[in-house]
Amino acid sequence: MARIQPINRQTASAEVNATLDAVQAKLGKVPNLYATVAQAPAVLTAQLAFGEALSHGRLTAKQRESLALAIGQANSCQYCLSAHSLVARGTGLNAEAIQAARRGEAADPVTDGLLKLAVKIVNQRGILSEADIAAAYSAGVDDGLLLEVIAHVALNTLTNYTNHIVQTEIDFPVVTV
């Protein structure tokens with residue numbers, strides 16, 4: 001059972017309900033993660049705004065989902081792996097590409113470099129060597145993409161840790177960590 005329950009829509013403020021209605025309209029449902037984070041409306045607003053802002057960056061939807069899978073695996077987040085495995089299919093990633101992303105790998109050299117960089121950031125707590133940065137640059141990652149990867153690590157780590165701590169009930173087809 002979750003440590004923090006999803007917000008009760010019957011007693012939630014009009015502002016929170018409007019935000020969750022927008023999530024419903026965009027995703028077709030309100031995932032338990034968002035309904036739970038709605039207990040802290042400022043966090044919900046910040047999380048959604050951060051994700052929306054990053055969706056306008058240079059990374060493709062496939063790359064963003066691949067990053068979410070690699071980061072979720074590195075952080076052992078079953079909720080996010082379950083959610084992003086489903087969402088990744090919607091971006092055109094097949095089962096093999098999803099499994100590869102979870103391993104921090106991709107067929108495309110640039111995406112592979114992005115995933116390896118993200119996993120290093122997670123595993124090394126952001127302490128990267130010159131060789132780590134050089135490897136990313138050699139794969140085709142530039143300064144702007146490096147900064148986008150850092151931002152995706154931050155956003156996904158927020159959701160990963162939230163799910164660990166609150167024990168969010170998984171409302172997607174469950175995948176194993």
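Student: Which residue forms a salt bridge with Arg103?
Tutor: A salt bridge here is a side-chain nitrogen of Lys or Arg within 4 Å of a carboxyl oxygen of Asp or Glu. Arg103 pairs with Glu105, and their closest N and O atoms are 3.1 Å apart. Keep in mind that this is a predicted model, where local features need pLDDT of at least 70 and side-chain atom pairs count only at pLDDT 80 or more, while totals for chains, interfaces and linings use all residues. Residues are numbered from 1 along each chain as its sequence is written, and side-chain values use heavy atoms, with hydrogens and water left out.

Student: Is Arg103 buried or exposed?
Tutor: Buried means under 20% relative accessible area, exposed over 50%, and partly exposed in between (1.4 Å probe, protein chains only). Arg103 is exposed at 53%, whereas Glu105 is partly exposed at 33%.

Student: How many salt bridges does the rule give?
Tutor: The count is 7. One of them joins Asp132 and Lys120, at 3.1 Å from N to O. Asp132 sits in helix H8 (residues 130–138) and Lys120 in helix H7 (residues 109–123), so this pair ties together parts 12 residues apart in sequence. Helices are DSSP runs (H or I, at least four residues), numbered from the N terminus. Asp132 is buried at 12%, and Lys120 is partly exposed at 28%.

Student: What does Lys26 pair with?
Tutor: Glu52, with the closest N and O atoms 2.9 Å apart. That bridge links distant parts of the chain, since Glu52 is in helix H3 and Lys26 in helix H1, 26 residues apart. Lys26 is exposed at 60%; Glu52, at 34%, is partly exposed.

Student: And pockets: which residues lie nearest the centre of the largest one?
Tutor: On a 1 Å grid over the protein atoms alone, a pocket is an open set of points where a 1.4 Å probe fits, with protein on both sides within 12 Å along at least five of seven lines; lining residues have an atom within 4 Å of a point. Here the lining has 30 residues, with Lys26, Leu27, Tyr34, Glu65 and His84 nearest the centre. H5 gives the most, 6 residues.

Definitions and conventions
Helix = DSSP H or I, 4+ residues; strand = E, 2+ residues; numbered from the N terminus.
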